[in-house]
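Please brief me on this model. Start with its disulfide content, then cover the strand pairing, a helix face and a loop residue.

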Amino acid sequence: MTVEALRQFVVVDLACGMLSRRFLQMASAKMLYNDKYHWLLIEDYSLHVSAGVVFLAEHPLLELTDDDKDKDTVGDTDGDSDAKADELEPIESLMETLNFYMNTEVTLAKRQRQDDSYALYDVWNPGLNFGGRVNITEIGNYSLVGGLEIHRWFRTTSTLLRRLNMQHAQVRCMVVVTNKNMTGTLMYYLTHTVSSHIDTMNRFNFNLLMVVRDMFNWTFVLSRTSTWGYMKNGRYDGMIGALIRNETDIGGAPIFYWLERHKWIDAAGRSWSSRPCFIFRHPRNTQKDRIVFLQPFSNDVWILILVCGILTVLILWLLTTIEWKLVPHQGAALIKPKGGALPPHHLHAQQQQTATQQEAAALEADAKSVASLQLLPVAGGFWQRCYAKLSNYIHKRQANKKSPERVGLFLESVLFFVGIICQQGLGFSTSFISGRTIVITSLLFSFSIYQFYSASIVGTLLMEKPKTIKTLSDLVHSSLQVGVEDIVYNRDYFLNTKDPVSMELYAKKITSIPTAKENEAPAAPVAEEEPEATNEDAAKAYRDIVHSHEVGAHAKDNVASNWLDPDTGLSRVKHERFAFHVDVAAAYKIIAETFTEREICDLTEVSMFAPQKTVSITQKNSPMRKVISYGLRRVTETGIFSYQFNVWHSRKPPCVKKIETSDLHVDMDTVSTALLILLLSYGIALLVLGFEIIYFKWKDRIVFKLN
């Protein structure tokens, strides 16, 4: 079905005299001349004469017949008052007072006396309340012989294309201006790109409406407000409230089209795409639960290295122990000074015999020194026996240390593995091929591990730092501070959101719900103490703060508040660990002007909610809805929409990656773990030293007391 088939046709016979006029006026009061009805007004001069209409006043070129004159004379004889009462004004004059608009579909059919046909006229008005005048254009005719004949230009064009000239109709337009420091006239501020990062989407939408205005030839009657319109005390304020109260005809600023607004206003067409998000410089290191020196390898790799180390130590300890038992005369050669000693099979027989004799003499001397020790008797109570065993063990160890050989093979094996992992040398050698195989394999293993480890460290300094804060939940649990642009739709979002992550973000990072006392003016002292504010009072106070944005009575006055303007918020992003929620259209311009290339590359964006599409709005059932809708579609098709978007929406500053010397610097956060380990080892060493000093000083006293 076509659009015409969906309309209801209303046929009015103007021969009904005053009744037909009153019917048309009632329809005008009910705003029925819209696109839902197609009106056909039939005006027949012969029927008018029979009804007592002075038709000659309307058509001076037409003459009445003798019979009509006689009837008119008789009517005058019967009473002049009745004749004057039946005299009606021309239909054209009546149409000047009716509420015809751009979407009005009214066809006037006027009887032509010459050929008994009807001339058809298209009737419309840019808007009676806009100061427009009625347009009556002939579109064809109808006769019994020729039938219906419509002009080609009328049949091939749509209603709006036939009515592009609104004759400078004055359309009331209300725009939203949140900039309290606006200078100059309102029209200058809306049409020039001075401080284009403020009120960006409002000025963008108004410039689109200016193109539509020039297309349909109307004029603006501007007014301004500071908010788009939110429910307060059961009524809408701002621009939406003005549309509902018929204080303006169209909205000059776009809005987020929500379901609860649908029954109060009409959307005329797509406008700005708003994308607010959190912008912050991503920290270089966000893995606070992991030591930075362990980051090159995963936990699985470190566990595997530890297992391999334990296995190597055990095997090496086993081999050296077996070697000591199988070749006891060569045991002293297991742990040698740095550089080692020549193998025995390379020496001459005489040298070998001399070394054997020296070793035997050394062993005999060690046995004598151990036998000559004065050991404590293991007797008495439990603590006395424990002390005696410990003292005897220490004395034997001290006596054994006087000999050139070292028998602590297990500890030497542990120290050997730690040394090769840390790329440090150790005087450790073995004459068995199996032991040397373990040593060589361990050296190759440590060399491979070291290459991967050092390459990962260097690559970490050169490559882009991994960004671990990717979601809103990551931002909530990070160490970054958070701020939000002080604009009314952000406050309304936190007031009505049901998203648990956003609510947690508001509670932890932004601010708490203020109490009633924070929003009250200082009052005179009273004798009685005021009761504490309840949760309902606190919530009501918060709503008042949300909706008082236009007068400035909000938490922005508080120094500790995180509701900031874009310049202040992005300045904190530049110099602090701070995340700021702002529309990218406002942020990109400030970032391009104030941030360096290094700082731009550090920026990360995290969205709190999906990008929002905005729409231009009009009054509910407004005739301007189709005008603006058609105009915005034409603006989009011709590329003007994209042009205006590029003018008002700043491009994202490009990240030019350069390797600078500052990129290779290691900050204190990176090496803090190593310093802490070093300080901890200092403390442990001093603590052990204290115990040793106390032991050697109080050793004799402890023996005396135990005895």
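The structure holds 1 disulfide, a term that requires a pair of cysteine sulfur atoms within 2.5 Å. This is a predicted model: local features need pLDDT of at least 70, side-chain atom pairs count only at pLDDT 80 or more, and totals for chains, interfaces and linings use all residues. Residues are numbered from 1 along each chain as its sequence is written, and side-chain values use heavy atoms, with hydrogens and water left out.

**Disulfide**
- C601 and C655 are joined, S to S 2.0 Å.
- The link of C601 and C655 is right-handed, with 115° about the S-S bond.
- Distant parts of the chain are linked by this pair, 54 residues apart: C601 lies in helix α24 (residues 597–601), C655 in the loop between α26 (640–648) and α27 (668–706).
- Helices (H or I, at least four residues) and strands (E, at least two) are DSSP runs, numbered from the N terminus.
- C601 is buried, at a relative accessible area of 16%.
- C655 is partly exposed, at 35%.
- Buried means under 20% relative accessible area, exposed over 50%, and partly exposed in between (1.4 Å probe, protein chains only).

**Other cysteines**
- C173 is buried, with 0% relative accessibility.
- C308 is partly exposed, with 26% relative accessibility.

**Strand β7**
- Strand β7 (residues 169–176) has 6 of its 8 residues buried, so the rest of the structure largely encloses it.
- β7 pairs with strand β8 (residues 218–225) in the parallel sense over 8 bridges; pairing needs at least two bridges found by DSSP between two strands.
- Q170 has T219 as its bridge partner in β8.
- β7 also pairs with strand β11 (residues 250–251), in the parallel sense over 2 bridges.
- In β11, I250 is the bridge partner of C173.

**Helix α22**
- The buried residues in helix α22 (residues 566–575) are P566, G569, L570, R572 and V573.
- Those buried residues line one face of the helix, because they fall within an arc of 150° seen down the axis of α22; the arc is that of the directions from the helix axis to the C-beta atoms.
- They pack against β14 (276–281), β15 (481–485), β16 (563–564), β17 (578–583), α23 (584–594) and β18 (603–606), where contact means heavy atoms within 4.5 Å.

**Residue A15**
- A15 sits in the loop between β1 (8–13) and α2 (18–29).
- A15 counts as buried, at 16% relative accessibility.
- A15 and I42 are 7.9 Å apart in space, C-alpha to C-alpha, and 27 residues apart in sequence.
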